[in-house]
Amino acid sequence: MSAEPEPEPAADPAEEGGAPPEMPPAAPGPSGGRRLNLRDWRVTATAAAVVVAVTAGVVAITATGHHGGDRADPAASATPAYTGLPHTAIDVSPSTCGKGWGANGKPHTGTQVFDLHNSGASATEVYLTDPKTGKFYAEVEGLAPGTVREMPVELGSGTYAFECQQEDTDSVTGPTVTVPGNVPQGPASRPVTVHDLIPPTLDYQKWIRARMTELSADTGRLKKDIDGGDLAAARRDWLAGHLVYERMGAAYDTFGDADGVINGTVQLDVDPAHAAGFTGFHAIEYGLWHGRSAASLRGQAATLDNAARKLQKDWATQQMDPANMGLRAHEIIENSEQFELTARTDYGSGTNLATAAANIDGSREILDELAPLLKDRDPGLARLQATLDDAQAYLRTFDKGGTWTPVGKLTRAQREKVDAYFGDMLEQLAPVAAICDVRRTT
Amino acid sequence: MTSDTPGREHHGDLGRRGFLRGAAVGVGAVGAVAGGATALTAATASASAPAAPKAAAAPFHGAHQAGITQPVQSASVTVSFDVTAADRRELTELLHTLTERARFLTTGGTPPTVGITDSPSDSGTLGPQVPADGLTATVGVGASLFDGRYGLADRKPLRLTTMPEFPDDDLQPAWCHGDLSLQLSAPHTDTVLHALRDIARHTRGGLQVRWRMDGFSSPSRPSGTPRNHLGFKDGTANPDVADPAVANRLLWAGGGGEPAWTAGGSYQVVRLIRMLVEFWDRVSITEQERMFGRNRDTGAPLDGVHEFDTPKFAQDPMGDVIPLDSHIRMANPRTAATDDSRILRRAYNYDRGMDSNGNLDMGLVFVCYQQDVERQFAAVQKRLAGEPLVDYVAPFGGGYFFALPGVKDRSDWYGSALLA
Ligand code: HEM
């Protein structure tokens, strides 16, 4: 996820580094379920544009009056955000990309700031790259015309060039500058493009298709149990089905309203027993663990089963947004921490830890799909994968033959260990999302 | 950051678990932000030297940790952690990381850039560059760290135990004890919270917060030592630990059969004490003052005129002026026999919303340091048993910790001698 979203609303997703023409993005919109999709790429790209105009420009945008074509030199009036560090003024229009570095100043290692001035006519992305390796060392997204923004960097010895990607224009790479010495270079990564993400996304969609087959088999079984009055079997099959659904975390976004029908929850001030429109796994969970009769749950079981079948059928024509893959690997576990480790989504079964373990499956699956891309981009990948495995193994110790320890029954030491695993996983997943953020490279 | 940044640890392959975020250290740029830091430094309250107008930032490196002899500051957070590191190796890595974070945060500088490889390395709540802002970090270890988990059983400081329940206590398990204590203090709340957030972020796999209490110290009203929620100046009478002879006799541990690694450390006692302020406000001023033995307006002992006048208990053997059961008289009878039980107090006020009965939930984060927790804090606490004040206060949490020796230089780290 980039800190600086595009300055213009994402009218055309392809422009935003989104889905290429052969793979239109899924319909945007809230999933209807509990997933907040706080970091939905398409949503933030649009909504945050306003924020950029108001605040994110930090210094320069304010100084020049927003996005307009004000060509007065803003550097003169802007207060630098970074003080006490060497600053170098760099021009980043398509015709002058990278001008100002090397020629007049002495390139040097260490912490320093480039004051990027967009003298071009439209907004631009600016990357500091190593032209030899193609790695990106720093980026500024959506630099509005006529504005200056600071790019703090810690430079090691090596070759660098600025790359300017102005809207609707081919990318321009400025002159290569050599920074002398033998100071090791800082963190960098080759960018990930939409094209890189298409194969893993297609593979992941295939994986989801297989889960959907499982899901509708499970909801069918659950319906049969309830229709036949076997509540013990229903509780068992409920868990199996719910966990299958919870493994599909990265796809919810694509499900549209179906997620709410299948896995919705109710607000805290609403009595689940009398909540209008409360359907799906959690509604059935509430009944199964609150002594409701089989007969009273038949309608709910049919609704769930129908929804699962419809989802499976619709999936054939659904397409996931490749740009979301890295984010999802991370967000699944954020949601797990937020909703499962707090037992917010517990409607009586006390199986939040099982759900959390299933969520880890979901995150792992995406990571496995992304592994070829991450292998040489995220040095922490193997460690992260090991952490997922360890965390999941620990969660599974709370499964006693299908009965899981409810979150609230964990001892303090157990609780702390679970929290430590999740905190650890999340800190390691943040780089995955950052690295897989799509950067337009042409 | 470049891999030769001084002080940066190369964790390499930690084995089984990741458990700590890559502890990249920002570029030390104290000079770069010194202007900002100076501008932000405000007058600080004072425990041991109340008249001192502005405290110079305590250096991070030294024989002792910062935050012990320095005056209390406006904002603080006191946290107790449990260590979830799997083994001694991970504990060692954890303490390295903790040291690096504390060193960076208390020194200030430009947070490392991460390019496109990660979310930003700093929360940004103090702006693009982190001012030191007088931040101090004080780290202690609890008795539970010396259980079997890390092979440290034979290294426990001699007097370090689990905090016992004293007669007037009403301890809540969720608010007691812990493997590791951390107190952060600074002139501003944002500085303290920024540091807490940063440290938590870098240590999630190895540390989990057990309890946390935020505290503040007020400005002088109208002069002298800041007041607590009961309206009395709190922190007036403290041993003069600026005198090395006093500090070596009362404050710093080491010698006397203590493990060698403890030299330069100090026993830290944290007591979370609820104050029944509504009840207190319904007590007559005479009774309030006789409970403490001091005048509420000036802070002077009841036999004196000025805050720092010394009470003359010997001249008032029957307690006609300063009652025999007053807080100051019981806490410190000022006799030769009780002289070595004196403690260095650094209390903060806390305020955390409302109680279930509609009363204000306020109190004291009582913190004191001493050479020997039995000979000093415990002795004072026992003398105070049953004092009239106990009707208005209720200790419910806290713990005994041992504040580690200082981090000596850039290559040293918290607990280096303990884990050597
Ligand atoms: C809510 C609880 C407490 C309150 C409101 C409180 C308040 C005060 C006040 C107003 C003073 C006089 C001013 C000063 O010298 O700082 C004082 C002194 C003192 N208090 Fe406390 N205190 C509390 C708890 C404790 C505890 C738990 C201890 C130790 C076990 C303690 C030990 C002392 C000592 C040693 C002095 C200095 C006596 C002297 O040397 O004259 N206090 N306290």
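**Close-up views of a predicted two-chain model with a ligand**

**View 1. Polar atoms of chain B face the ligand oxygens.** In this predicted model, a polar side-chain atom of Arg334(B) lies 2.8 Å from an oxygen atom of the ligand. The side chain of Asn332(B) places an N or O atom 2.9 Å from a ligand oxygen. Ala237(B) uses a backbone N or O atom, also at 2.9 Å from an oxygen of the ligand.

**View 2. The shell around the ligand.** Helices (H or I, at least four residues) and strands (E, at least two) are DSSP runs, numbered from the N terminus.

**View 3. The interface of chains A and B.** Here 35 residues of chain B contact 43 residues of chain A (heavy atoms within 4.5 Å). Two salt bridges are counted between the chains (side-chain nitrogen of Lys or Arg within 4 Å of a carboxyl oxygen of Asp or Glu). Arg204(B) pairs with Glu427(A) in a salt bridge, with the closest N and O atoms 2.6 Å apart. Strand β6 (residues 207-216) of chain B gives the largest share of the side of chain B touching chain A, four residues.

**Notes.** Residues are numbered from 1 along each chain as its sequence is written, chains are lettered from A and ligands numbered from 1 in the order written. Local features need pLDDT of at least 70, side-chain atom pairs count only at pLDDT 80 or more, totals for chains, interfaces and linings use all residues, and side-chain values use heavy atoms, without hydrogens and water.

Conventions:
A polar contact is a pair of N or O atoms within 3.5 Å; within protein, one must be able to donate a hydrogen and the other to accept it, and residues adjacent in sequence count only if both atoms are side-chain atoms.
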